[in-house]
Amino acid sequence: MEHKLISGEKGPYGIYVKMVNGMYADYDIDQSYWALTKDGESLQTAVDGTVIADGDHFEIVHIKE
């Protein structure tokens, strides 16, 4: 969050990302959310609990159900 590209709220499992690069997602409002993926696979960790190593490829993907 150093460059303020993402923001969110602290939840029971870690940071719940609600805004990425100015685009808002909130499941309670419109059934959309931000998913963190690594090499195209969804992660089961929050953004603040994910270990990052050199060469890893991450994406934050907007999902709307």
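From the N terminus on, the elements of the protein chain run β-β-β-α-β-β-β. That gives one helix and six strands, where helices (H or I, at least four residues) and strands (E, at least two) are DSSP runs, numbered from the N terminus. The radius of gyration of the protein chain is 12 Å, close to the 11 Å of the globule rule for 65 residues, so the chain is as compact as a globular protein of that length. This radius is taken over C-alpha atoms, and the rule is 2.2 Å times the number of residues to the power 0.38. Along the principal axes, the C-alpha atoms fill a box of roughly 35 × 25 × 25 Å.

Please note that this is a predicted model, in which local features need pLDDT of at least 70 and side-chain atom pairs count only at pLDDT 80 or more, while totals for chains, interfaces and linings use all residues. Residues are numbered from 1 along each chain as its sequence is written, and side-chain values use heavy atoms, with hydrogens and water left out.

I turn now to burial. Of the 65 residues, 22% count as buried; buried means under 20% relative accessible area, exposed over 50%, and partly exposed in between (1.4 Å probe, protein chains only).

Next, the salt bridges. How many does a search of the whole structure find? The search finds four, a salt bridge being a side-chain nitrogen of Lys or Arg within 4 Å of a carboxyl oxygen of Asp or Glu. E9, K18 and D26 are linked in a network of such bridges.

Another salt bridge joins the side chains of K10 and D48, at 3.5 Å from N to O. This pair links distant parts of the chain, 38 residues apart: K10 lies in strand β1 (residues 6–11), and D48 in the loop between β5 (41–42) and β6 (58–64). K10 counts as exposed, at 64% relative accessibility, and D48 as partly exposed, at 44%.

Finally, I consider contacts, meaning heavy atoms within 4.5 Å. Among contacts in the protein chain between residues at least 6 apart in sequence, 37% join residues at least 24 apart.
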